[in-house]
Amino acid sequence: MKHSLAGRIWPNATAIVLAIGFVFPVYWMFNTAFKPTQDIITEDPVWLPFRGTLTHFATAVNAPNFWTLAGNSILVTVLAVGLSLLIALCGAFAVARMRFKGRKGVLLTFMVAQMAPWEVMVIANYMIVRDADLLNSLLPLTCFYTLMVLPFTLLTLRGYVAAVPKELEESAMVDGCSRRQAFTKVVFPLLAPGLMATSLFGFITAWNEFPLVLVLNKEPEAGTLPLWLSQFQSQFGDDWGATMAAASIFAVPILVLFLFLQRKAVGGLTSGAVKG
């Protein structure tokens, strides 16, 4: 009994400590966003904003071009996630269901693309966009974000498609469905957890991307919200209250999406990782 109890206590205690370590920075961000400036710069930390204020949020929202950049972020992120899901779904079905020459090479290429850091290609991407006269445009950002998300999306969906028994499609085709109808009516509904998992990853990746938009879109109204976040730091110091309020506003869509999709997302990630 003692060994059994100790075996339960240590994993649970470790999990609690790790959870506190991960949650505390998020708590401190929201806590600082609601505190008056005098409580932020004091030497004694204020753990709870008893004198809460919305001044910092007003400063953040009233910053130049906030709504324009928010619209740009939403548009680019949604388009990138949607395009990556559409392309990856077709590619994942082909790789998982069909046997063709070079299939393993395709998978290896996507794995290498997933591991490669995009920051090393910023200069090359800038030259391509500059020569195409598309600087300060949302089109290149959408294309690059789609390519960033695509390898992970395809590899994950490939495992999830492989987990769906072929017999389901064959039975539907025997009953008169075409291959396309068998996919859309039988296989596609079963891929919902995988689609949610990959869309969550794609949303976070595109929503948070900063180096590429910093290089390609320097015009004030052509950027995205990560650029908006950086404007609260100046040569005169950091406005920590407004910075934390802006970071809180920036993080809310991700938190809401994660809480909404967390169960399906975890199931999709684990299934896609071990199947096929």
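**Cores, helix packing and a buried loop residue**

Cys143 is partly exposed, with a relative accessible area of 40%. Cys177 is also partly exposed, at 22%. Partly exposed lies between buried (under 20% relative accessible area) and exposed (over 50%), with a 1.4 Å probe and protein chains only. The search of the whole structure for disulfides (pairs of cysteine sulfur atoms within 2.5 Å) found zero.

The model is predicted: local features need pLDDT of at least 70, side-chain atom pairs count only at pLDDT 80 or more, and totals for chains, interfaces and linings use all residues. Residues are numbered from 1 along each chain as its sequence is written, and side-chain values use heavy atoms, leaving out hydrogens and water.

Nonpolar cores were examined next. A nonpolar core is a set of buried Ala, Val, Leu, Ile, Met, Phe, Trp, Tyr and Cys residues joined through side-chain atoms within 4.5 Å. The largest holds 42 residues, of which Leu191, Leu225, Trp228 and Phe232 touch the most other members. Helix H4 (residues 66–97) gives the most to this core, namely eleven residues. Helices here are DSSP runs (H or I, at least four residues), numbered from the N terminus. A second, separate core has 14 residues, including Val76, Trp118, Val129 and Tyr145. In soluble globular proteins, nonpolar side chains tend to be buried together.

Contacts (heavy atoms within 4.5 Å) show the surroundings of Leu191. Not counting residues up to four places away in sequence, Leu191 touches Leu89, Tyr160, Val161, Val164 and Phe183.

The axes of H8 (residues 166–174) and H9 (residues 179–190) come within 9 Å and cross at roughly 140°. Axes are lines fitted to C-alpha atoms over the stretch in contact, and angles run from 0 to 180 degrees between N-to-C directions. H8 and H9 are therefore oblique to each other. Oblique covers the angles left over by roughly parallel (under 35 degrees), roughly antiparallel (over 145) and roughly perpendicular (65 to 115). In this pair, Leu168, Glu169, Ala172 and Met173 of H8 meet Arg179, Ala182, Val186, Val187 and Leu190 of H9.

H9 also packs against H10 (residues 192–208), at an angle of about 55° and with the axes 5 Å apart. That makes H9 oblique to H10. Phe188, Pro189 and Leu190 in H9 meet Ala192, Pro193 and Leu195 in H10.

Thr224 sits in the loop between helix H11 (211–216) and helix H12 (225–230). Thr224 is buried, with a relative accessible area of 3%. Leaving aside residues up to four places away in sequence, Thr224 touches Leu69, Asn72, Ser73, Leu141, Glu209 and Val213.

Key: Helix = DSSP H or I, 4+ residues; strand = E, 2+ residues; numbered from the N terminus.
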